Amino acid sequence: MVGGKYSRPPAPANIVYPDLTKMDTAKLATWFEVYHDTALQSLIKAAIDSNRDLLAAASHMEEALALSGAVKANLYPHLGYQAQAGGGSAGVDATKIAGGVDGGLFNVFGVLNWELDVWGKLRHQSRASIDDFLSTKENRDALQVSLVAEVASDYFLLRDLDNKLLIAESTLAGRKENTRLINDKFNHGYVSELDLLQAQQQEAIAAASIPSFQRQIILAENAIRVLIGLGPGPIVRGASNYDQILSPDIPVGLPSQLLERRPDVMASEFALQAQFERIGVAVANRFPTISLTGALGFASPQLSSLLTNKGFVANGFGSLVGPLFNFGQNKKLVDVERKRTDALYYQYQQTTLNAFEDVDNALASYRTLDEEHRQRKLQVDAATKALVLSQARYDGGYTSYLEVIVMQTNLFDAQLLESTTMQQKLNSIVSLYKALGGGWN
């Protein structure tokens, strides 16, 4: 068997994770063990069942499986049949050169054709087709990992927008009441019209944010519904972002394990392996092809004597066909396959580096977002107290309404930022599971 034997590329030896990373080699939990929100679980199940891109990927996978079976069949003898019935007239000279049939012609044969895989060409083709199937399967699994992560990410974004809408509605209610009180004071001559106008501006700012969040909610809902194979419409909600139970204690594992966990890395390696087998096909094409052909049946000029001993036929032939001189064409074709293999090897290395980058980025995001969210909560607490004190100072006549406006703006912004950071914190865990392969084992 010419062409060599495939060996897996060595794993990167200089990859390290941050010191505080849990280097647990336990199996990753699957997505339904990670996301406990029943509404989110239902959405993910619907996406896996109905997402059109995933269904198309599954069809491509089944196509590759069928093709691998068809290619493998070339290793075995092919049995067929043929039958003829007819006749005609031809002169003596014409019949001497098989230019026609003078009389009747009846035959029926069973035919065998078998290319002997002496040099391994057919075995290399079969292995390449199997590796193509496996690569397609891993690409389908990678798409599922991305799909599950995208549904979860969009869901947490939707719940963040829901929370921001509540913040905006609560802020608007408070500012409306504040405007009413200042308007009453203005009517009694206690404050200037400038204070009233500033209060009305603050009320309008809060009111304008509500349709903005409502619009973003519709966009997020539609994005999720497209992922689950549905048209525009509402999305059933479950727990809020603050009630989600996502464990940050994730078994990151050893760097070498990532090569087994990530479907995109596995798909890249299977594609490399398939291309390596095609080198063997190209090398085998430089050697002669040996085939066996046989025919077993009956032939006769008359139908009445077709199925008799006189009409019995049993023939067998062996053939050898090979290249002799083609100006180095076959050798160049081997070089072509080798260079294609080199290109896929570099692509595999790049995919591997991207995988480690994804993991490190996700670890850094969760670690920093956890601290950032803690500080955002402190910011909200401080802004809430500052607004209460500033409102009291204004009511007592110790400061202008401008100070109240600043404190109102600070609190509103702090609440929105805290909500955003909470959503980003949840999505950092989603990103980490996706970077580690999504628990799709």
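# Why the labels fit

Guide: Let's start with helix 3: its buried residues pack against helix 2 (38-50) and helix 5 (121-187). This is a predicted model, where local features need pLDDT of at least 70 and side-chain atom pairs count only at pLDDT 80 or more, while totals for chains, interfaces and linings use all residues. Residues are numbered from 1 along each chain as its sequence is written, and side-chain values use heavy atoms, with hydrogens and water left out.

Visitor: How do you know that the span of helix 3 agrees with its 21 residues?

Guide: The expected span is 1.5 Å times one less than the number of residues. For residues 52-72 that comes to 30 Å, and the end C-alpha atoms are 30 Å apart, so the two agree.

Visitor: Which residues of helix 3 are buried, and what does that word mean?

Guide: Buried means under 20% relative accessible area, exposed means over 50%, and partly exposed is in between (1.4 Å probe, protein chains only). In helix 3 the buried ones are L54, A57, A58, M61, A64, S68 and V71. They cover an arc of only 145 degrees around the axis, so they sit on the same side of helix 3; the arc is taken from the directions from the helix axis to the C-beta atoms. On the face turned away from that side you'll find the exposed residues R52, E62, E63, A66 and L67.

Visitor: What makes a set of residues a nonpolar core?

Guide: They must be buried Ala, Val, Leu, Ile, Met, Phe, Trp, Tyr or Cys residues, joined through side-chain atoms within 4.5 Å. The largest one has 41 residues, and Y35, L40, I44, V151 and F156 have the most contacts inside it. Helix 5 gives the most to this core, with 13 residues. L40 is in contact with Y35, V151, A152, Y155 and F156, leaving aside neighbours within four places in sequence; contact means heavy atoms within 4.5 Å.

Visitor: Why is R262 called buried?

Guide: R262 has a relative accessible area of 5%, so it falls in the buried class. R262 sits in the loop between helix 7 (255-261) and helix 8 (263-284). It touches A355, D358, K434, A435, L436 and G437, not counting residues up to four places away in sequence.

Visitor: What makes the 2.8 Å between the side chains of R262 and D264 a polar contact?

Guide: A polar contact is a pair of N or O atoms within 3.5 Å; within protein, one must be able to donate a hydrogen and the other to accept it, and residues adjacent in sequence count only if both atoms are side-chain atoms. The R262 and D264 side chains are joined at 2.8 Å.

Visitor: Why is the pair of Y345 and Y346 called tilted?

Guide: Rings of Phe, Tyr and Trp (its six-membered ring) pair if their centres lie within 6.5 Å; planes under 30 degrees apart are stacked, over 60 edge-to-face, and the rest tilted. Here the centres are 5.9 Å apart and the planes at 55 degrees, so the pair is tilted. Y345 is partly exposed at 27%, whereas Y346 is exposed at 55%.

Visitor: What is the phi of F327, and where is its place?

Guide: F327 takes a positive phi of about 60 degrees although it is not a glycine. Most residues other than glycine have a negative phi. F327 lies in the loop between strand 4 (312-321) and helix 9 (329-395). At 73% relative accessible area, F327 is exposed.

Visitor: What makes A207 partly exposed and L219 exposed?

Guide: Both are found in helix 6. A207 has a relative accessible area of 31%, so it is partly exposed; L219, at 55%, counts as exposed.

Methods. Helix = DSSP H or I, 4+ residues; strand = E, 2+ residues; numbered from the N terminus.
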